[in-house]
Amino acid sequence: MPITAPTVIRQACFFYSTLLGRRKSSFIQRIAKKRLHDKLLPLPSARCCATSSLEQAPSEQSRSRWEGGRAAPITSGAMDSIDDSEDACRLVVNSHFDSGNIEVIDASDPGNVQLRIHEDPFCETDGRAHFQWFHFRLTGARNQELNLHLANAGKASFPHAWSGYQSCASYDRQHWFRVPTNYDESSGTLSIQHKPEQDAIYYAYFAPYSYERHQDLIAKCISHQSVRLEVLGETLDGHDIDLLRIGQPGKGKRRVWMIARQHPGESMAEWFVEGFLERLLDSHSALARHALQKAVFYVVPNMNPDGSWRGHLRTNAAGANLNREWAKPSLETSPEVYHVRNKMDKVGLDMMLDIHGDEELPYNFINGNEGIPCWGERLAKLQKTFVESFKKSSPDFQSQHGYAIDEPNQANLNICAHAIGDRFKTLSLTLEMPFKDTIENPDPVQGWSPGRTKSFGASILNPIVDTVPSLDG
């Protein structure tokens, strides 16, 4: 019996409503029809098990079903060939979960597991389909020497960043540690060598910050009387765009904005925000109480929940690089930026911090606004005050290494910090953190980690408080 388009759409409606945890029929039908139009169906199976290389290799047809859609494992549905006896050794690679991303080419040999990172949707502004983020679970290799080869790493968005990189791993998804990782530039292959001590282990580009944890963060914050939650709008996949307001607006109070994770693969950005919010909401902190007397804070912990959930590196559901959308955002391709910028215009802005991660540089640093049209002595003094205070606040921050400084009037005003700095004629900065580790204070076990990132996030309150008195109204 042939499968008709309406039948496929009904099946897709059930699948996507299950994923999204809701039954918004009109929205689900719209998503399902889009997936059908983009040839994203049939729907994915959940995992891939060790079979022959012929059975494991994903077909071009199976790959195409994810073009422009959520990253998930490409499998051959090989479960039928597995020996169900209790003693059977089954190697299973699975990325069918929040922020998961991997494709299995061949997992028949634990010593030569061939994998492939799935691409983001094509990004028009950047002229390519980005990829570098990976996150998957591997089971069935306890006490076995594993060699995992990411075969397309050489074509990733930042291939030079693989040099010196060590993959993250975790058994419990709470404690993440680094494992030996090598990059062969000649073949463009990233290889992870590890001997798991338990039945299941997770590997990721950086410690993930799940959408579930995001929800927990929001719930924890709004339990404080000083916090209000506003949903600014809806993403293309139907996620809420959450804005936290901490403190009461009032005469003379400065309006400090912090946004994070425009690039979804930069999960350290939301770990940073979590640390910052914990300190700001600490009722025992005199500095936090002082900050809330002088300023009201507007925080968007995750600018890109669609890309985060899909396992993207740099884009949202439509393939938009949100940090290139600030000049002319649209509801069709970048509703996240559209709604946040509108709210900034409505309530005003005196300082803005955009939190990111850098794949290559082993430093924490600020990218300033020297190239925006309104740059002058006042902004230069504000930036210097902030940077010097941050260096005193955290040994993990430095100002010697970072991006090249823009020439006068040469800043890209599509980029958030540049666009907002010029739009509001005020201090607007991009903070970058490493995927690897900091050279000054390295941790050979964990590298740059969630715990260190949260501590670093807490430390940024000091330079904010030191800079606020110098801001114009």
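Me: Which residues does arginine 245 touch, not counting residues up to four places away in sequence?
Reply: Happy to start there, keeping in mind that this is a predicted model. Arginine 245 sits in strand β15, which covers residues 240–246. Leaving out residues up to four places away, arginine 245 touches Ser226, Val227, Arg228, Val296, Phe297 and Tyr298.

Me: Which backbone oxygen does the side chain of arginine 245 reach?
Reply: Arginine 245 belongs to strand β15, residues 240–246. At 3.2 Å, its side chain reaches the backbone oxygen of glycine 247.

Me: Nice. How many helices and strands does the protein have?
Reply: The chain has 473 residues, and 56% of them count as buried. Of the contacts with a separation of 6 or more, 75% are between residues 24 or more positions apart. The secondary structure comes to 13 helices and 20 strands.

Me: Is glutamate 103 buried or exposed, and with which side chain does its own side chain make a polar contact?
Reply: Glutamate 103 is found in strand β3, residues 103–106. Its relative accessible area is 1%, and the cut-off for buried is under 20%, so glutamate 103 is buried. Isoleucine 117 is 14 residues away in sequence, with 6.1 Å between the two C-alpha atoms. The polar contact, at 2.5 Å, is with the side chain of histidine 118.

Me: And histidine 130: with which side chain does it make a polar contact?
Reply: Histidine 130 lies in the loop between β6 (128–129) and β7 (135–139), and with a relative accessible area of 5% it is buried. Leaving aside neighbours within four places in sequence, its contacts are Glu119, Asp120, Cys123, Ser157, Leu313, Arg314 and Thr315. One of these contacts is also polar: at 2.8 Å, the side chain of histidine 130 meets the side chain of serine 157.

Me: How many disulfides are there by the distance rule?
Reply: A disulfide is a covalent bond between the sulfur atoms of two cysteines. Cysteine 123 is buried at 1% relative accessibility, and cysteine 221 is buried at 4%. The rule asks for a pair of cysteine sulfur atoms within 2.5 Å. By this rule the count is zero.

Me: Is lysine 343 buried or exposed, and what is it in contact with, leaving aside its neighbours within four places in sequence?
Reply: Lysine 343 is found in helix α9, residues 335–347. Its relative accessible area of 12% falls under the 20% limit, so lysine 343 is buried. Beyond neighbours within four places in sequence, lysine 343 is in contact with Glu230, Leu232, Leu243, Trp257 and Gly348.

Me: Why is helix α11 largely enclosed by the rest of the structure, and what do its buried residues pack against?
Reply: Helix α11 covers residues 416–424, and because seven of its nine residues are buried, it is largely enclosed by the rest of the structure. The buried ones are Cys416, Ala417, His418, Ala419, Ile420, Gly421 and Asp422. After the helix comes lysine 425, with a positive phi near 55 degrees. The buried residues of α11 pack against β16, α9, β18, β19 and β20.

Me: What is phi of arginine 261, a residue other than glycine?
Reply: Let's compare two loop positions. Serine 99, in the loop between β2 and β3, has a positive phi of about 70 degrees although it is not a glycine, and it is buried at 4% relative accessibility. Arginine 261 lies in the loop between β16 and α6 and is buried at 2% relative accessible area. Phi of arginine 261 is also positive, near 65 degrees.

Me: Last one: which residues make the nonpolar surface patch of about 220 Å²?
Reply: The protein exposes about 19900 Å², with carbon and sulfur atoms supplying 49% of it. Valine 231 lies in strand β14, residues 227–234. The patch is made by Ile222, Leu229 and Val231.

Conventions. Residues are numbered from 1 along each chain as its sequence is written. This is a predicted model: local features need pLDDT of at least 70, side-chain atom pairs count only at pLDDT 80 or more; totals for chains, interfaces and linings use all residues. Side-chain values use heavy atoms; hydrogens and water are left out. Helices (H or I, at least four residues) and strands (E, at least two) are DSSP runs, numbered from the N terminus. Buried means under 20% relative accessible area, exposed over 50%, partly exposed in between (1.4 Å probe, protein chains only). Contact means heavy atoms within 4.5 Å. Accessible areas come from the Shrake-Rupley method with a 1.4 Å probe; for residues, only the protein chains shown count as cover. Patches are made of residues with over 30% relative accessible area and no salt bridge: like charges are joined within 9 Å, nonpolar side chains (Val, Leu, Ile, Met, Phe, Trp, Tyr) within 5 Å. A salt bridge is a side-chain nitrogen of Lys or Arg within 4 Å of a carboxyl oxygen of Asp or Glu. A polar contact is a pair of N or O atoms within 3.5 Å; within protein, one must be able to donate a hydrogen and the other to accept it, and residues adjacent in sequence count only if both atoms are side-chain atoms.
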